[in-house]
Amino acid sequence: MRSPLISDAEADELEETFYAALRAGDLERLMACWADDEEVVCIHPGGLRLVGLRAVRDSFRELLAQGGVRMQVQEVQRVHAPGCCIHSVVERLEVMTGEGLRHGYLLATNVYAKTEAGWRLLTHHSSPADAEGMAELTGQSHTLH
């Protein structure tokens, strides 16, 4: 059952809900952001192409098994067209290592479609960012190791 809070959400609001659920480790809220379509696609950093709701759910269940992900979205670029939105985002991760808190960056593309139920996520593709390129962009070093 879809949450009434996101059934009429705009694409930007849906993206906020998706990332808030990821941070909170809330699998049900996160999955409510996805289109009810077996053609949805998710690619995690360095991962396989996952097609279908079951594969996407299973991957996020595993990702969130230890709790939420410490992540903030930065530098959103939006392309809006009738019935479709594509967002290119920089995801800033915080990871606790044996040497303390480290930051890393991922580059993600989120594709949203306007459905009968409102805006829904069709594709999430996230890849590791080049540390040197991110350092130039932000003026900081961003390595996880």
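This is a friendly dialogue about how to read a predicted model.

Visitor: Let's begin with the strands. What order do the 6 strands of the open sheet have?

Guide: First, the general idea: strands of a sheet pair through backbone hydrogen bonds, either parallel or antiparallel. In this predicted model, an open sheet of 6 strands runs in the order 2-1-6-5-4-3, and its pairing is mixed.

Visitor: Which strands stand at the edges?

Guide: Strand 2 and strand 3 (71-81) do. Each has a single partner strand, so one side of each is left without a neighbour in the sheet. Across this sheet, neighbouring strands are turned against each other by 25° on average, direction ignored.

Visitor: How many bridges join strand 3 to strand 4, and in which sense do they run?

Guide: There are 9 bridges between strand 3 and strand 4, and the two run antiparallel. To find the pairing in the structure, look at alanine 81, whose bridge partner is cysteine 84 in strand 4.

Visitor: And what should I look for between strand 4 and strand 5?

Guide: Strand 4 and strand 5 pair in the antiparallel sense over 14 bridges, and a hairpin of 2 residues joins them. Cysteine 85 stands opposite tyrosine 112 in strand 5.

Visitor: What joins strand 5 to strand 6?

Guide: Here too you will find a hairpin, through 2 residues. Strand 5 and strand 6 run antiparallel, with 10 bridges between them. You can follow the pairing at asparagine 110, opposite histidine 124 in strand 6, and at alanine 113, opposite arginine 120 in strand 6.

Visitor: Is the pairing of strand 1 and strand 6 parallel or antiparallel?

Guide: Strand 1 and strand 6 pair in the parallel sense, over 3 bridges. Cysteine 42 has histidine 124 of strand 6 as its bridge partner.

Visitor: Now the helices. Which strands does helix 1 lie across?

Guide: Helix 1 lies across strand 3, strand 4, strand 5 and strand 6, and runs at about 155° to strand 3. Helix 3, in turn, lies across strand 1, strand 2 and strand 6, running at about 125° to strand 2.

Visitor: Which residues of helix 3 are buried?

Guide: Leu53, Val56, Ser59 and Phe60 are buried in helix 3. They are on the same side of the helix, because they cover an arc of only 135° around the axis. On the other side of helix 3, Arg54 and Glu62 are exposed. The buried residues of helix 3 pack against helix 1, helix 2, strand 1 (41-43), strand 2 (49-51) and strand 6.

Visitor: Which residues touch the most other members of the largest nonpolar core?

Guide: Of its 28 residues, Phe18, Leu22, Leu30, Trp34 and Phe60 do. At least two residues come from each of helix 1 (11-24), helix 2 (27-31), helix 3 (53-63), strand 4 (84-97), strand 5 (100-115) and strand 6 (118-128). Helix 1 gives the largest share, 6 residues.

Visitor: What does phenylalanine 18 touch?

Guide: Leaving aside residues up to four places away in sequence, phenylalanine 18 touches Leu30, Cys33, Trp34, Phe60, Leu121 and His124.

Visitor: I noticed some cysteines. How many disulfides does the structure hold?

Guide: In general, a disulfide is a covalent bond between the sulfur atoms of two cysteines. This structure holds 0 disulfides. Take cysteine 85: the closest cysteine sulfur, in cysteine 84, is 6.5 Å from its own, too far for a bond. Cysteine 85 counts as buried, at 2% relative accessibility. Cysteine 42 is buried as well, with a relative accessible area of 0%.

Visitor: Is glutamate 116 buried or exposed?

Guide: Glutamate 116 is in the loop between strand 5 and strand 6. It counts as exposed because its relative accessibility is 88%, and the cut-off for exposed is over 50%. Glutamate 116 and alanine 35 are 81 residues apart in sequence, yet 10.0 Å apart in space, C-alpha to C-alpha.

Visitor: What about the phi of glutamate 75?

Guide: Glutamate 75 has a positive phi of about 50°, although it is not a glycine. Glutamate 75 lies in strand 3 and counts as partly exposed, at 42% relative accessibility.

How values were computed:
Residues numbered from 1 in each chain as written. Predicted model: local features only at pLDDT ≥ 70, side-chain atom pairs only at ≥ 80, totals over all residues. Heavy atoms only, no water. Core = buried A, V, L, I, M, F, W, Y, C linked by side-chain atoms within 4.5 Å. Buried < 20%, exposed > 50% of the residue type's maximum accessible area, 1.4 Å probe, protein only. Helix = DSSP H or I, 4+ residues; strand = E, 2+ residues; numbered from the N terminus. Contact = heavy atoms within 4.5 Å. Arc of directions from axis to C-beta. Pairing = 2+ DSSP bridges. Axes fitted to C-alpha atoms, helices over the stretch in contact; angles between N-to-C directions. Disulfide = S-S within 2.5 Å.
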